[in-house]
Amino acid sequence: MTTAFSDYIVYVDESGDHSLESINPEYPLFVLSFCIFRKDAYACTMTPAVRKLKFETFGHDMVVLHEIDIRKKKGAFAKLGKEAREAFLNRLTDIIQAEDFKLVAVVIDKNKLRARYSNPGHPYHLAMEFGLERIYRHLQSMGQDDRLTHLVCEARGAKEDAELELEFRRIRDGSNYFHKPLPFELMIADKKTNSEGMQLADLTARPIGLSVLRPDQGNRALAVLEKKFCRGETGRKDGVGLKIFP
C-alpha cells in the first residue's frame, strides 16, 4: 500500500451533464477537466494570488468563482460594472497564465457515443477512466508514480457520488489500461467549498468543450490553457492532455 504522499494534487470539474437520454443540441458534450498542481506552488503562489484578487475586487474572499456566474453575471458578478468585471477577468487570466500547472481534459461527444455503441458507457465514468490513465502517465514522468496522489471532485448528489466512488475504485484497483493498481485516492468536496483548485478546474472545463464543439470560434480562455495541456514526446496534446471520445 502506498503511504507517502506525492508532490501533486489534482482538482477535477465538469462541463455539461452526463445524461444520454436528453442531449442538449447546443452543447452535446460532457467535459471532465483535471488540473494537476504541484502542492508547493499551489500553496505559495496560486492560492494567495486568487485570494488577493478576491479581496481587491469584492472586499472579502468568500466569493466562489463559478464559470456560469461570471459568464451570466450572476451572484457577486451581478454587482460588478463592465470595467470592473473586465479588470477582474484580465487579472484572473494573468494568474492562470502565470501559474505552473498541467491540464488533462476528456471530452465525450454524447451523440457519437450513443450512435456508436448499443450499450454506451456512462460519460462521467468513461471520462474518469481516460483521465486517470493520463494523469498516471504524467506522474510517472515526474517520478511520482509510487506515491499517493489525491483527486478532488465536486459533489453532484448522494446517488451520483456513490456510483462515482465505486467506479473510481474499480479503475484504481486494476480495471485500467495498465492492468494494475494506481496510486490515487478520491476526495468528494461540497459544491460550496471555497477551494481555489476546484474553482480553477470549473473555469477551464467549458472553454475546452467549446474549443472542440466550435473550433473556429474565438476563445480567449483557450489561448491561455493551450500551454497547460500535458503533451507527448513529440509535443502533441491530442490523446495525451486532450482526449476526445469516441
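**Notebook: salt bridges, sheet and cores**

I began with the side chains of D238 and R236, which meet in a salt bridge at 3.8 Å, N to O. A salt bridge here is a side-chain nitrogen of Lys or Arg within 4 Å of a carboxyl oxygen of Asp or Glu. The model is predicted, so I note that local features need pLDDT of at least 70 and side-chain atom pairs count only at pLDDT 80 or more, while totals for chains, interfaces and linings use all residues. Residues are numbered from 1 along each chain as its sequence is written, and side-chain values use heavy atoms, with hydrogens and water left out.

**Entry 1: salt bridges**

I looked up the accessibility of the first pair. D238 counts as partly exposed because its relative accessibility is 41%, and R236 counts as exposed at 51%. The cut-offs are under 20% relative accessible area for buried, over 50% for exposed, and partly exposed in between (1.4 Å probe, protein chains only). I also recorded a network in which salt bridges that share partners join K52, E56 and R91. The structure holds 19 salt bridges.

I then turned to R51, which forms a salt bridge with E196, the closest N and O atoms being 2.9 Å apart. This pair links distant parts of the chain, with R51 in helix α1 and E196 in helix α7, 145 residues apart. Helices (H or I, at least four residues) and strands (E, at least two) are DSSP runs, numbered from the N terminus. R51 is partly exposed at 35% relative accessibility, whereas E196 is buried at 4%.

For R170 I found E167 as a salt-bridge partner, with the closest N and O atoms 2.5 Å apart. Both residues lie in helix α6 (residues 158–172), three residues apart, about one turn of the helix. R170 is partly exposed at 37%, and E167 is buried at 15%.

**Entry 2: the sheet**

I traced an open sheet of six strands in the order β5-β4-β1-β2-β3-β6, with mixed pairing. Its edge strands, β5 (184–189) and β6 (242–245), each pair on one side only. The twist averages 20° from one strand to the next. Strands β2 and β3 pair in the antiparallel sense over nine bridges; two strands pair if DSSP finds at least two bridges between them. I checked L32, whose bridge partner in β3 is V106.

**Entry 3: the cores**

I next examined the largest nonpolar core, which has 40 residues. Such a core is a set of buried Ala, Val, Leu, Ile, Met, Phe, Trp, Tyr and Cys residues joined through side-chain atoms within 4.5 Å. The residues with the most contacts inside this core are Y11, F37, F77, F88, F101 and I208. Among the elements that each supply at least two of its residues are β1 (5–15), β2 (29–38) and α3 (82–98). Helix α7 gives the most, with seven residues. Leaving aside neighbours within four places in sequence, I208 is in contact (heavy atoms within 4.5 Å) with residues including V31, L103, L222 and L242.

A second, separate core of 32 residues includes L164, I171, F178 and F184. I therefore note that nonpolar side chains tend to be buried together in soluble globular proteins.

**Entry 4: L132**

I located L132 in helix α5 (residues 123–141). L132 counts as buried because its relative accessibility is 0%. Not counting residues up to four places away in sequence, L132 touches L151, F168, I171 and F184. I also looked up K192, which is 60 residues from L132 in sequence and 25 Å away in space, C-alpha to C-alpha.

Key. Axes fitted to C-alpha atoms, helices over the stretch in contact; angles between N-to-C directions.
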